[in-house]
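Here are some questions about how the labels on this model were reached. Each answer sets a value against its cut-off.

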Amino acid sequence: MSGVLYAGGMVAALFASTLTSQAYAQPPFDTVPPDKIVITVATVNGSGCPAGTAAVAVSPDNTAFTVTYSDYLAQVGQGSTPTDFRKNCQLSLVTHVPQGFSYAIASVDYRGFAHLEDGASATQKASYYFQGQSQTSSNSHDFTGVYDDNWQTTNVSDIATVVWSPCGELRNFNINTELRVNAGSSDTTNTTSFITMDSTDGDVSTTYHFAWKECPPAQE
């Protein structure tokens, strides 16, 4: 799946990440660049995001972008196949930011729904990094049954340690996510346990919130 996504999407939740490290004299600031941000989806792969089921949009105020899934569900038990216990999605994005600015990802919320029978458990994982960079930010959250409710996990990056996008360079921003369900001691013959990060109405999104810095003046 590929496409150019312009500023104008709805923001639904929060997200956290890190990007390419580089020291700047300017501290982060609240004012966001006024010019348009454009995100190009380079590639999308994985059992959790079949073609046409993942969408990206930039918020109108340039403070965030969202990723919305419509078929992201892992399950075990009645009605499931042996491979349904784990689903994953790999997104590669090219982010065009206004000239003279660098960005990092400051915070993130993941949202979904889970139904876990007694004895079952589930795990939600995510990692993200810049193409060609060794530094990766990752997080993992566990859920245990009995559970039957919406879920939300939040990750906030320390602004002193986030990795910033390189000034004047265009690098793919890669996002890897995973959902996994473990049947444990639950009754898989008569029950089903599942966890989902999908949304059929567009109201449940993963939102990546930007932090901004001005790039240092170019050296003559």
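Q: Which of Cys 49 and Cys 89 is buried?
A: Both Cys 49 and Cys 89 are buried, that is, under 20% relative accessible area, where exposed is over 50% and partly exposed lies in between (1.4 Å probe, protein chains only). The model is a predicted one, in which local features need pLDDT of at least 70, side-chain atom pairs count only at pLDDT 80 or more, and totals for chains, interfaces and linings use all residues. Residues are numbered from 1 along each chain as its sequence is written, and side-chain values use heavy atoms, with hydrogens and water left out.

Q: What makes Cys 49 and Cys 89 a disulfide?
A: Their sulfur atoms are 2.2 Å apart, and the rule asks for a pair of cysteine sulfur atoms within 2.5 Å. Cys 49 sits in the loop between strand S3 (38–45) and strand S4 (54–58), and Cys 89 in strand S7 (residues 86–96), 40 residues apart. Strands here are DSSP runs (E, at least two residues), numbered from the N terminus.

Q: Why is the disulfide of Cys 49 and Cys 89 called right-handed?
A: Because the torsion about its S-S bond is about 100°.

Q: How many disulfides does the rule give?
A: The count is two. The other link joins Cys 167 to Cys 215, with S to S 1.9 Å. It is left-handed, with -100° about the S-S bond. Cys 167 lies in the loop between strand S11 (147–156) and S12, and Cys 215 in the segment after strand S14 (206–214), so the link ties together parts 48 residues apart in sequence.

Q: Why does Cys 167 count as partly exposed?
A: Because its relative accessibility is 22%. Cys 215, at 17%, counts as buried.

Q: Why is Asn 172 called buried?
A: Because its relative accessible area is 17%. Asn 172 lies in strand S12 (residues 172–182).

Q: What joins the side chains of Asn 172 and Ser 92?
A: A polar contact of 2.9 Å joins them; the term needs a pair of N or O atoms within 3.5 Å, and within protein one must be able to donate a hydrogen and the other to accept it, while residues adjacent in sequence count only if both atoms are side-chain atoms.

Q: Which residues does Asn 172 touch, not counting those up to four places away in sequence?
A: Among them are Ala 42, Ser 92, Tyr 129 and Gln 131, where contact means heavy atoms within 4.5 Å.

Terms used
Helices (H or I, at least four residues) and strands (E, at least two) are DSSP runs, numbered from the N terminus.
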